Amino acid sequence: MTPLVGEMSPAAAESVYFNEYPPPKALPKHEALARAFIELHVEANRRVVLVTSGGTTVPLEAQTVRFIDNFSAGTRGATSAEYFLEQGYAVIFLHRQYSLLPYSRHYSHSTNCFLDFMDEAPPSADSSNPGDGPIMVRDEYQDQMRSVLRKYRYAKQNNRLLLLPFTTVSEYMFELRSLAKLMRPLNENALFYLAAAVSDFFIPRSRMAEHKIQSSELPPHMQGSAVDPDEIYTGENEEQPSNRKKLVVNLDPVPKFLHQLVDGWAPEGSMVVSFKLETDPSLLVYKARTALQRYSHHLVIGNLLSTRKWEVVFITPDEPHERWIRVPKSRRSKSISGVEDQVGLAEAMKGKSPSVEQLE
Ligand code: PAZ
């Protein structure tokens, strides 16, 4: 029996996985942009961080109508990217398309609609169109928006931020591999900060339906092209009318490419930071430690789904091995809609804020 991709040696799994999927259409363009960006910063002897952010999808069909998604808004990645920029890094921001982006995240998505920051100024007396005043930022947001705008402009004008989108888990893998290899000339000036929520399971291309999976029986002369394969679609559902089928999805484990990144793709001397998300508090530290031991990289940042905005644990190979960073309730930032956001934690992680509670 052919072993699952997840059960092979890392090198064998890499070749099987990448041969099975076509590279993303945007890859050559992304590689050209990244090459130029990296060359610029190698010349300036500047540190470059690859921040991954947002969730990956697992398509159920090659011509995708349905897909499985991974939880992540991209808050961690987008917020962290801003702090890296502030520390002088150039940032390659590999993100899920339409997830939160550095700087614009302050004014987008449902918690912070940019329209809530705007107002109509009263029309001036000499206006040629006295009914319509200019649109302004509301007084109470002027300072915050000016500061965000200046940082955003600085990053753009000085070529410090490269935005590269992905959607599916295979696109993410191709992009990550290419970017890591392109970053080799950076040597110890390269940092990998892997905050994306990457699916652990996928449907191999060979078992994926080409067309939209049908929920009811097609006449015999129309079968074959649209309904396939047995692994995806099996069995009668007794509670449904007899012509409706259950959908049974059979997923393979995604190979653990962190091993390949650390030992093969990434430059010598680079630093690799990964994240571990759990929902069961009793598993978090164990899983984060296991990841650090398995891949021998530099840092695993563990977080729980329910508390991730104000509490993380750093798991390191050296003392103290486990360090919790928490933002006290009084210091947690709020968006204008009252939702706690992540600025407080990012401040705390800089290690300067008096709000940090470090529990050894
Ligand atoms: O994007 P977000 O701020 O909503 O969530 C961030 C996160 C929880 C996805 C990230 O901190 C993380 O843990 N990423 C790794 C997830 C994983 O274990 O695959």
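Predicted model: local features only at pLDDT ≥ 70, side-chain atom pairs only at ≥ 80, totals over all residues.
Let's start inside. The largest nonpolar core has 67 residues, and Val91, Ile92 and Met183 touch the most other members. Helix H5, which covers residues 169-182, gives the most to this core, with eight residues. And what does Met183 contact, once we leave aside its neighbours within four places in sequence? The list is Ile38, Val48, Leu50, Ala190, Ala266 and Pro267.

Now a word on annotation. An unreviewed UniProt entry places "domain: DNA/pantothenate metabolism flavoprotein C-terminal" on residues 47-98. In the model, that span is 23% helix and 37% strand, and its end C-alpha atoms lie 27 Å apart.

On to the backbone. Most residues other than glycine have a negative phi, and most peptide bonds are trans.

Tyr103 has a positive phi of about 70°. You'll find Tyr103 in the loop between strand E4 (90-96) and strand E5 (118-120). Is Tyr103 buried or exposed? Tyr103 counts as buried, because it has 21 C-beta neighbours inside 10 Å.

Ser296 also has a positive phi, near 50°, and sits in the loop between helix H7 (281-295) and strand E12 (299-304). Ser296 has 12 other C-beta atoms within 10 Å, so this residue is exposed.

Last stop: the bond joining Glu319 and Pro320 is a cis peptide, with omega about 5°. Pro320 belongs to the loop between strand E13 (311-315) and strand E14 (322-326).

Notes: Residues numbered from 1 in each chain as written. Core = buried A, V, L, I, M, F, W, Y, C linked by C-beta atoms within 7 Å. Buried ≥ 20, exposed ≤ 12 C-beta atoms within 10 Å, placed from the backbone. Helix = DSSP H or I, 4+ residues; strand = E, 2+ residues; numbered from the N terminus. Contact = placed C-beta atoms within 7 Å. UniProt positions renumbered as here; feature names shortened; annotations may be inferred.
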